[in-house]
Each structure stands twice: as structure tokens, then as C-alpha cells.
Amino acid sequence: MKLSIRTARLIPLLALGLLLPGAHAVLFAQESSAARTLEFDERAEYALALKGLAAAQASIHFYPERPQRIKARIDTRGLASLIFSIHNTYQTLIDPQTGLPVAVEKNIAQSNISQQLSIRYNRAENIAESSASASWPLMPGAMDLFTMLFQLRTLSPLPGDRVAFPLDIESQSWLAAGQVTGGGEMESPCGRLETRKITLQFSHSGQGPARTWKTDLLTNRIARPDGMLTIFIGPPPENIPLLIQFGPQGQQVSMRLKSYSKGNRSCP
């Protein structure tokens with residue numbers, strides 16, 4: 001299998017190959033050609049469960065606009081909302097020429113936080129600036145979690161591949177890297193589909209400035225030194241995320257696809 005690294009700006013991350021022995025290849029997210037492949041025009045609805053108990057619902061909507069836009073929402077329901085209420089919205093604007101985020105916005109309404117945060121990325125200077133009156137340097141090619149999810153799909157990795165993504169998570173630099181394996185068959189709103197399983201582990205890359213704001217529960221559960229994110233995606237070309245699992249041991253959250261639409265169709 002012949003695979004290439006698609007962005008020279010991420011060449012320094014080849015050092016990750018030393019940390020990921022036995023891989024067929026290390027795939028990095030695209031930059032220059034991403035605009036041709038991030039045209040999903042879709043909406044996915046998920047049911048969230050904590051320890052097997054229904055806790056929330058989520059939606060991720062991708063709009064193929066200029067700039068491209070990812071909008072997500074998470075809402076607790078039932079008893080979970082009484083215990084710890086979460087009604088959060090997230091939005092990412094993506095430069096269609098690079099496939100990288102130019103701005104992200106969060107509207108956090110949780111039991112412990114009520115807050116709005118926006119961040120803009122200056123790629124020419126590799127600097128990020130937030131509405132919390134803070135700025136910090138960016139790793140080349142750094143993206144947010146939602147862009148990472150869609151870039152992962154554009155790579156369409158095969159079992160045996162390794163993947164790596166540089167991330168900027170509210171002023172903290174992270175690397176999410178891991179292994180692709182066969183995930184077996186899984187029921188979905190689009191029928192029974194063969195999956196690939198991508199297990200990403202998070203490592204902190206550099207100290208970065210101290211945060212001057214509290215972050216949301218979702219970010220806290222993913223971007224952490226012991227963080228792990230497991231994604232089961234369906235077959236190409238859509239590579240639909242059918243199941244997403246994250247969170248610390250014993251407190252894992254599962255997001256299972258409940259409905260999917262692409263354009264005017266309920267399934268591809």
C-alpha cells in the first residue's frame with residue numbers, strides 16, 4: 001500500500017513514527033487538498049450514554065459553505081439533566097483552501113459553567129487569539145476536535161495504518177495519534193455496515209499558557225494526558241462515524257449514531 005504525507009508543514013511530526021512502531025504508514029491530515037474532500041453536506045444525530053445509561057443527545061451538522069462550517073450541539077435529557085445539565089453548542093469555520101479551522105465558537109451552558117468563547121486562528125503568523133483576551137502560538141497544521149473528526153474521514157485509513165493529528169485545544173497543544181484496526185460489522189440507520197476502528201491517544205505537546213477560563217465537560221473528557229478517543233467508521237467513501245467513545249476509565253461516554261442524512265437523502 002503506497003501512502004504519502006500530504007502536507008509539508010507537518011513533516012516535523014514524522015518523529016511520531018518512532019513512537020508508533022510496526023505501522024504500515026503514518027497518515028497526517030491534509031491541508032492543501034482538503035477542500036476537495038470535505039464536502040459532506042450532512043447531519044448526524046447521536047444518542048449519548050454514560051455507563052450504559054441514556055444521558056444525552058447530540059447532533060453534528062456539516063455545511064459545505066464558504067467558509068465551510070461544522071455545527072454541533074449536545075443536550076442532556078431525563079434524569080441526567082437533573083443531575084448535571086449540559087446544553088452546549090459548538091461551531092467551527094474551515095478555510096476551504098487549507099481544510100484547517102479559521103475560527104471556533106463555543107456556547108457553554110452547564111450546571112457549573114455559563115460561558116461563551118471564540119477563538120480565531122492567524123495561520124500566516126501561527127497565532128491564535130481568543131475572546132478571553134489571550135493569545136498563543138500554534139503548531140503548524142493544528143486543528144480543533146471537530147475538524148479532526150472530518151479530516152480523519154478524508155484520509156479513509158485502512159486497518160494497519162497509523163494516524164496522527166496536531167490539535168489546538170483552547171491554548172493547549174496536543175497530538176492525537178493511534179492505530180487503525182478492523183472494527184467488525186455494526187448496525188446503523190443505514191443498515192449493517194463493516195467498520196474500521198480508530199483508537200487515538202492524546203499526548204500533551206508543550207506547556208502552553210495557563211488557561212484563563214474554565215472549559216466544558218466534553219473537552220475535559222477528551223483532551224487530557226490519559227485521554228483516549230475511539231471511533232468506529234463505516235465504509236468509504238462517506239466513512240460515517242457510527243460509534244464514538246471517550247472519557248476516563250469507568251466513566252466512558254458512548255455516542256451511537258441514531259439517524260443520518262446527506263443532502264436530501266436519509267442515507268448515502
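Okay, let's start with the pocket: the lining of the largest pocket divides into 17 nonpolar, three polar and three charged residues. For the bookkeeping, Ala, Val, Leu, Ile, Met, Phe, Trp, Tyr, Cys and Pro count as nonpolar, Asp, Glu, Lys and Arg as charged, and the others, Gly among them, as polar.

Before I go on, the caveats. What you have on screen is a predicted model, where local features need pLDDT of at least 70 and side-chain atom pairs count only at pLDDT 80 or more, while totals for chains, interfaces and linings use all residues. Residues are numbered from 1 along each chain as its sequence is written, and side-chain values use heavy atoms, with hydrogens and water left out.

Back to the pocket. The volume of the largest pocket is about 480 Å³. Of its 23 lining residues, Leu50, Ala55, Thr76, Ala80 and Ile86 are the closest to the centre. Grid points are joined across faces, edges and corners, and the volume is the space filled by probe spheres set on the points.

Who builds that lining? At least two residues each come from strand E2 (42-50), strand E3 (53-63), strand E4 (68-76), helix H2 (78-83), strand E5 (87-94) and helix H4 (217-222). E3 gives the most, with four residues. Those labels are DSSP runs numbered from the N terminus, with helices being H or I of at least four residues and strands being E of at least two.

Now zoom out. The chain has four helices and 15 strands. Of its 268 residues, 51% are buried, where buried means under 20% relative accessible area, exposed over 50%, and partly exposed in between, with a 1.4 Å probe and protein chains only. The accessible surface comes to about 12,300 Å², and carbon and sulfur atoms own 53% of that; areas are Shrake-Rupley with a 1.4 Å probe, and for residues only the protein chains shown count as cover. Among contacts in the chain with a separation of 6 or more, 53% are between residues 24 or more positions apart, a contact being heavy atoms within 4.5 Å.

Next, helix H3, residues 145-155. Why call H3 largely enclosed by the rest of the structure? Because 11 of its 11 residues are buried. That list includes Gln151, Arg153 and Thr154 as well as Phe146 and Leu149. Just after H3 comes Ser156, with a positive phi of about 45 degrees. Ser156 is in the loop between H3 and strand E10 (162-169), and is partly exposed at a relative accessible area of 21%. For context, most residues other than glycine have a negative phi, and most peptide bonds are trans.

That brings us to strand E13, residues 228-233. Five of its six residues are buried, so E13 is largely enclosed by the rest of the structure too. On one side of the pairing list, strand E12 (residues 191-204) runs antiparallel to E13 over six bridges, and Gln201 has Met228 in E13 as its bridge partner. E13 also pairs in the antiparallel sense with strand E14 (residues 241-246), over five bridges, with Ile233 opposite Pro241 in E14. Pairing here needs at least two DSSP bridges between the strands.

The loop between E13 and E14 is one to click on. Pro237 is found there, and the peptide bond from Pro236 to Pro237 is cis, with omega near 0 degrees. Asn239 is in that loop as well, its phi is positive, near 50 degrees, and at 1% relative accessibility it counts as buried.

Two last residues. Ser173 is in strand E11 (residues 172-188) and is buried at 13% relative accessibility. Not counting residues up to four places away in sequence, Ser173 touches Met139, Leu167, Ser203, His204 and Ser205.

Asp95 is in the loop between E5 and strand E6 (101-109), and is partly exposed at 23%. Leaving aside neighbours within four places in sequence, Asp95 contacts Leu100 and Val102. Its C-alpha is 9.9 Å from that of Glu65, which is 30 residues apart along the chain.

Terms used. 1 Å grid on protein atoms, 1.4 Å probe; cavity = no way out; pocket = protein on both sides within 12 Å on 5 of 7 lines; lining within 4 Å.
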